[in-house]
Amino acid sequence: MVDNLNSFSNTNSYEHFLSIFLHAPVGICIFEGQEHIYKLTNEIYMNLLFGGHRDLIGKKVREALPEIKHLKYFDWLDQVYQSGKPISAKEAYVCLQQVDGSIKHFYLNLTCQPKKNFHHIDGII
């Protein structure tokens, strides 16, 4: 497990991490800070949730995904960030706007894991 994305000692290590992240066989994203700002996503995450690429990097999750404000996801992210304890959900309902403008209703399994920087929580994976 990587405690600090900035701890890579050289460019090759970071490029290796980035390659693994981008080619992982599951959808993954990384949020930074208490505002849960999108830092990194992979293609499977984008395709699974949105049916293609959405411009999310650098945006707060609450602003990027207003269509889920009535669901528990933002509360879960806040809880993981504050407590340092992961949350997992099976068959969690979600409805998200797709890149074609339609709304997709589906269920997914997910885990929100705290990301640490020298034992201090600085984001969520």
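**Helix H4.** I started with H4, residues 73-83, and found Tyr-73, Phe-74, Trp-76, Leu-77, Val-80 and Tyr-81 buried (under 20% relative accessible area with a 1.4 Å probe, protein chains only; exposed is over 50%, partly exposed in between). They lie on the same side of H4, because they cover an arc of only 160° around the axis, taken from the directions from the helix axis to the C-beta atoms. On the other side, Asp-75 and Gln-82 are exposed. I then looked up what covers the buried residues: strands E1, E3, E4, E5 and E6 and helix H3 are included. Helices (H or I, at least four residues) and strands (E, at least two) are DSSP runs, numbered from the N terminus. Just after H4, Gly-84 has a positive phi of about 80°.

**A note on the model.** This is a predicted model, with local features needing pLDDT of at least 70 and side-chain atom pairs pLDDT 80 or more, while totals for chains, interfaces and linings use all residues. Residues are numbered from 1 along each chain as its sequence is written, and side-chain values use heavy atoms, without hydrogens and water.

**Asp-122.** I found Asp-122 in strand E6; it counts as buried because its relative accessibility is 15%. Beyond its neighbours within four places in sequence, its contacts (heavy atoms within 4.5 Å) include Phe-31, Tyr-81 and Lys-115.

Lastly, E3 and E4 pair antiparallel over nine bridges (pairing takes at least two DSSP bridges). Ala-92 stands opposite Leu-108 in E4. Five residues separate the two strands of this hairpin, and Gly-101 in the turn has a positive phi of about 95°.
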